[in-house]
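Please read them with the structure open.

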Amino acid sequence: MTSAYRIRSDKDRSINIRYSITGVGADQPPNEVFSIDPEKGKMYVTKPLDREERSSYHLRAHAVDMNGNQVEQPVDLYIFVIDMNDNRPEFKNQVYNGSVMEGSKPGTTVMTVTAHDADDITTSNGMVYYRILQQTPHSPIPNMFTINRETGDIVTVAAGLDRERVSQYTVIVEATDMEGNLNFGLSSTATAIISITDVNDNPPEFTQSTFSGEVLENSVNVVVANLTVMDKDEPRTPNWNAVYRIVSGDNGRHFTIRTNPETNDGMVTVVKPVDFEMNRAFMLTVVVSNQAPLAEGVQASLQYTAGVTISVKDINEAPVFPDNPKMVRFEEGVPAGTIITTFAAKDPDTFMQQSIRYAKLADPANWLSINSSNGQITTTAVLDRESIYVKKNIYEATFLAADNGSPPASSTGTLQIYLIDVNDNAPSLVPREAQICERANANSINITAADADTDPNVGPFVFELPMHPSAIRRNWTVSRLNGDYARLSLRIQFLESGVYEVPISVSDSGNPPLSNRSIIKVKVCPCDEHGDCTAVGAVAAAGLGTGAIIAILICIIMLLSMVLLFVVWMKRREKERQTKQLLIDPEDDVRDNILKYDEEGGGEEDQDYDLSQLQQPDSLEHIMTKPPGVRRVDERPVVPESQYPLRPVVPHPGDIGDFINEGLRAADNDPTAPPYDSLLVFDYEGSGSTAGSVSSLNSSSSGEQDYDYLNDWGPRFKKLADMYGGGNDD
């Protein structure tokens, strides 16, 4: 506890006074930093003071009597904490990074370092000064940099920064307070890393003065030589990247030089085919530079140029047709054996003694042949411009030329023959069929002509009616509409309906002209008010008389009757097939045969039958009063009969067992069938049957009966006749 001040009132001589203090540091946080003796008025510091936490305090002192009455006005107390050098300077960063270009002049600012001291900056305790303790490496001198002792700016102090020799410096900087007094001040250090940035102060240099390579003639996009350079600047930067340029020796622009981005080598590449027969070698002069210009004051190296020798290697080249395609003009119709032209190719390999052979590749119409030695082309057939193989008057054929080199080389050439039209096709009349009304001035027929030739061997056409027979010109007339069309019409007022063949002569405009006599079939028919042929008229115009028309109608009616009868017969036959009940083999049909199965016994007279049960009852009263149970099969059900679905009629089976099984499956799958043990009514014939009781039928074995007449009844009763009528044969 340290005594700081003493407070005293002038009235403490007459009365007892109590002293107290209030404010921050007394009764307010931070509490109890200061205390006061209530009787003597001495103030004490009870805790250590830290100026960096609080540099001053404002308190109020109070004086009261023993009763608590204020005897003095409160007094303001201002307490200031005096600074002590108890804090070291602190750098904002422990490591600072900066850069400076190589070759920079002395005095160039590199970076600024800053340290802060928590002590009072108005005193020497807070005044920080800087200095450089160490530089690594010491090249080219130990003190390449200096620092401003007050601001912390690091600047170059000497020339000679070279990135290619030293790319980075490490500098240790010290900050000391007490105005840099090393005996009393407190210090701290930081590291400054200075990178030397590259400038293009090293031009690229070829590793050798001459380079060589070779290329096959006609090659493209092939690297033929590799140029190497050396550059000390920073790799893969514009200061290092090489740019190659051909300055001489390539007038045809056959080559270019591309830069390898990884190795910086120059790749001499062929971009245009070279010809051995024209250039056996190329002598190129190449210069190299960087993407970035050289730094100021740096001179280009003497090794920035180099010579490149490119040798061209000869290969066997294919023959070349000078004119491809080659066109010749000929009139169509030239005879076979005519020499068209000589389609010869040249061998580019002038330094090789080689021969060329020719062959035909494509000749769609097979009109041409070629001499295998000299390429002379001769016709083998007549050239026809109107052929389907001629397109737009041009006929094309393809030929092959091959040398005897090693390996052989070949090429193709196209010969185009332009065929000049000659008048070799007579015109034909269009249309060939037409119809016209039987009365004149009703309508007419417009006719023209089709000619396979072209101008001037086509229209205008001349249409004429022949002089013979005379009925043609008497009944018909032709009038010209224009150069290509004419009008055919009736000359007389009325012409009987029918089909007429009208000959017309048509001539083209060729030199000499060609003519053709064509027949047009004209149907003359009666027309309605609109000028259209009526239906009856169209038939009459077909050349059929009234009798022929009636005969055709009778035939049609008879044909329809036969079809109707056939349909009725088929439906009747189908109905009979559906109603047939005995589905057994024909030779076992009981209607045609009498089968002897076995001895039946003594007959009905030996049996005790109640035949009345087989008779039709007169009324149903006894049936209605019968108790439930099994009824007789001749009783008509009193309950509504079940409506069973119709089962499909199956074809006559070959085996009766298959028929039974099919019926069984149909009954089992019938959802409307009655229960298993119920009365099944298969059919009901109705009441009032005219048949008598079967009890009246008696079997008798007495008497003689002659059955020989069965032999006269035909083959159906042959078996009965054999059984009963042939007893005398035994």
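This is a predicted model: local features need pLDDT of at least 70, side-chain atom pairs count only at pLDDT 80 or more; totals for chains, interfaces and linings use all residues.

The points below cover one arginine, some strand pairing and one loop methionine.

1. Placement of R480. R480 belongs to strand 36, which spans residues 476-480. Is R480 buried or exposed? R480 has a relative accessible area of 57%. The cut-off for exposed is over 50%, so R480 counts as exposed.

2. Surroundings of R480. Setting aside residues up to four places away in sequence, R480 touches P460, F461, Y485 and A486. F463 sits 17 residues from R480 along the chain, and their C-alpha atoms are 7.6 Å apart. Check the side chain too: one of its polar atoms lies 3.1 Å from the backbone oxygen of N482.

3. Strands 35 and 38. Strand 35 covers residues 462-464 and strand 38 covers residues 498-507. The two run antiparallel and are joined by 3 bridges. E464 stands opposite S505 of strand 38.

4. Strands 38 and 39. Strand 38 also pairs with strand 39, residues 515-525. How many bridges join strand 38 to strand 39? There are 10, and the strands run antiparallel. Across this pairing, V499 faces K523 of strand 39.

5. The loop at M178. M178 lies in the loop between strand 14 (168-176) and strand 15 (187-197). Which residues does M178 contact, leaving aside neighbours within four places in sequence? They are N85, S124, N125, M127, F184 and G185. I121 is 57 residues from M178 along the chain, with a C-alpha separation of 9.9 Å.

Key. Residues are numbered from 1 along each chain as its sequence is written. Side-chain values use heavy atoms; hydrogens and water are left out. Helices (H or I, at least four residues) and strands (E, at least two) are DSSP runs, numbered from the N terminus. Buried means under 20% relative accessible area, exposed over 50%, partly exposed in between (1.4 Å probe, protein chains only). Contact means heavy atoms within 4.5 Å. A polar contact is a pair of N or O atoms within 3.5 Å; within protein, one must be able to donate a hydrogen and the other to accept it, and residues adjacent in sequence count only if both atoms are side-chain atoms. Two strands pair if DSSP finds at least two bridges between them.
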